[in-house]
Amino acid sequence: MEIITTGVAGTMESSDIIVRVEPKDTDGIELSLESQVMHQFGKQIEKVILETLGELGVTRAYVDAVDKGALDCTVAARTLAAAYRGAQSTDFVWKNGGAK
């Protein structure tokens with residue numbers, strides 16, 4: 001999946017995360033994360049974001065995330081939505097075997 005424009009998903013509400021993906025000209029994911037629980041869960045949040053992008057085949061992107069205590073499933077869902085929006089794709093493939 002190629003990110004061609006900015007894609008954003010999420011809110012700044014408690015127990016949520018806002019994820020923004022932007023196109024990048026060079027290979028690699030550049031991730032910036034801000035979190036209220038960075039010391040306890042920062043590495044796990046980064047892992048979920050990077051794994052989710054990897055599953056989508058995203059290899060080049062800037063990612064900015066501001067976490068307000070989101071669970072892993074919310075982090076993954078917001079990352080998926082932002083990536084699909086950034087790729088301007090509607091070919092959704094959900095993990096739970098949903099519609100394609």
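**Contacts, burial and helix packing**

Me: Which residues does methionine 12 touch, not counting those up to four places away in sequence?
Reply: Methionine 12 touches Ile18, Val66 and Lys68, where contact means heavy atoms within 4.5 Å. The model is predicted: local features need pLDDT of at least 70, side-chain atom pairs count only at pLDDT 80 or more, and totals for chains, interfaces and linings use all residues. Residues are numbered from 1 along each chain as its sequence is written, and side-chain values use heavy atoms, with hydrogens and water left out.

Me: How far apart are the C-alpha atoms of methionine 12 and valine 66?
Reply: They are separated by 7.6 Å, although the two residues are 54 residues apart along the chain.

Me: Why is methionine 12 called partly exposed?
Reply: Its relative accessible area is 45%. Buried means under 20% and exposed over 50%, with partly exposed in between (1.4 Å probe, protein chains only). The value of 45% lies in between, so methionine 12 is partly exposed. Methionine 12 sits in the loop between E1 and E2; strands (E, at least two residues) and helices (H or I, at least four) are DSSP runs, numbered from the N terminus.

Me: Does serine 35 count as buried or exposed, and how do you know?
Reply: Serine 35 has 15% relative accessibility, which is under the limit for buried, so serine 35 counts as buried. Serine 35 belongs to strand E3 (residues 28-35).

Me: What makes the pairing of the side chains of serine 35 and aspartate 67 a polar contact?
Reply: A polar contact is a pair of N or O atoms within 3.5 Å; within protein, one must be able to donate a hydrogen and the other to accept it, and residues adjacent in sequence count only if both atoms are side-chain atoms. The distance here is 2.7 Å, so the pair is within the limit. The side chain of serine 35 also reaches the backbone nitrogen of valine 37 at 3.0 Å.

Me: Why is H1 called oblique to H2?
Reply: The axes of helix H1 (residues 38-56) and helix H2 (residues 72-86) come within 9 Å and cross at roughly 40 degrees. That angle makes H1 oblique to H2, because under 35 degrees counts as roughly parallel, over 145 as roughly antiparallel, 65 to 115 as roughly perpendicular and the rest as oblique. In H1, residues including Ile45, Val48 and Leu53 take part in the meeting with H2, whose residues include Val75, Leu80 and Tyr84.

Me: Why does glutamine 88 count as exposed?
Reply: Its relative accessibility is 59%, which is over the limit for exposed, so glutamine 88 counts as exposed. Glutamine 88 lies in the segment after H2 and has a positive phi of about 50 degrees although it is not a glycine.

Technical notes. Axes fitted to C-alpha atoms, helices over the stretch in contact; angles between N-to-C directions.
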